[in-house]
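The structure is shown first, and the comments follow.

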Amino acid sequence: MTDLVIQQQDIIERILTLELVRVTERAAVSSARWRGRGDEKAADQAAVDAMRRELNRLPIDGTIVIGEGERDEAPMLFIGERVGTRTGPKVDIAVDPLEGTTLCAKDMPGSIAVMAMAQAGSLLNAPDVYMEKVAIGPGYPKGIVDLDMSPEENIRALAKAKGVRPNDITVCVLDRPRHEALIESCRRAGASLRLLTDGDVAGVILTAQPDETGIDLYLGTGGAPEGVLAAGALRCVGGQMQGRLILDTPEKVERAKKMGISDPKKTYDMKELASGDVVVAATGVTDGGLLSGVRFKQHTIETETLIYRSVTGTVRRIRAEHRELGKFRLD
């Protein structure tokens, strides 16, 4: 192995830990200044600006594969944008600078800043469309749940594998009109429901630690970009997830085709959504079941971040006190 290869591996190792944490911390702090102010766009823009600024300081040649939208829709962090100093390893980057913009604007629980990084070609380059999703945490035989099964079948199968009754299963679902039939099916099966107003990525990640979060199963349709981010995190703890893009118009099929998706009906497993050495960092903006939100104190700013890495299967929880207040005020 050459010295250059070893050096690049050292750079990747360093970037995939504290550097990613700093990126999501800055985005979280910047958007947290807009908590409860009722301005979703301003909160989201603050997070985007901070995240892009921090990414461009990293010694990487990064490409945004999951971002704020296509180039004509998003001026920054758009799909295909190059970030970093372009002097380091080539990596794929998926970002959601502020998941739960409404939650932040209303100062409600569950808003986070989240991003993923992996070797180039590792993350599914998904269009900004809806995706059907099913996800569970670790510890179950492969294939326990499946998108082709009904909600009732998935609940019963998971309950049997867990050794409990369906009544003891809690399902996390986004509270949307499109999920009315799904919600009714879950209740018909006897399961409890945790309905989220927002927070598609966090909803999936909650299944990773059911003993702490109380969430056993995630079902429903949400954003495809969020699905890729969530799959990256779930891979690190050994959970299971499937996703299927909802390409229900010729225009969406064509957009997906241009991004390399030839089969519009394909069901993706977790490793197809996020393969290779994936690292995911998520920092709390508002308090939630996953993370504590940003705390502004007289002389410090406190943040809490989870960082997941697939190659080592590690999950780190980092509580930080920031005393460089001047730098944060510049965000």
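1. The chain exposes about 14,600 Å², of which carbon and sulfur atoms supply 47%. Accessible areas come from the Shrake-Rupley method with a 1.4 Å probe, and for residues only the protein chains shown count as cover.

2. This is a predicted model, in which local features need pLDDT of at least 70 and side-chain atom pairs count only at pLDDT 80 or more, whereas totals for chains, interfaces and linings use all residues. Residues are numbered from 1 along each chain as its sequence is written, and side-chain values use heavy atoms, with hydrogens and water left out.

3. Of the 331 residues, 55% count as buried (under 20% relative accessible area, 1.4 Å probe, protein chains only).

4. The secondary structure comprises eleven helices and 14 strands; these are DSSP runs numbered from the N terminus, with helices (H or I) of at least four residues and strands (E) of at least two.

5. Strand β8 (residues 217–223) is largely enclosed by the rest of the structure, because seven of its seven residues are buried. Strand β5 (residues 130–136) runs antiparallel to β8, joined by seven bridges, and Tyr130 stands opposite Gly223. Strand β6 (residues 170–174) pairs with β8 in the parallel sense over two bridges, with Tyr218 of β8 as the bridge partner of Cys172. Pairing requires that DSSP find at least two bridges between two strands.

Key: Buried < 20%, exposed > 50% of the residue type's maximum accessible area, 1.4 Å probe, protein only.
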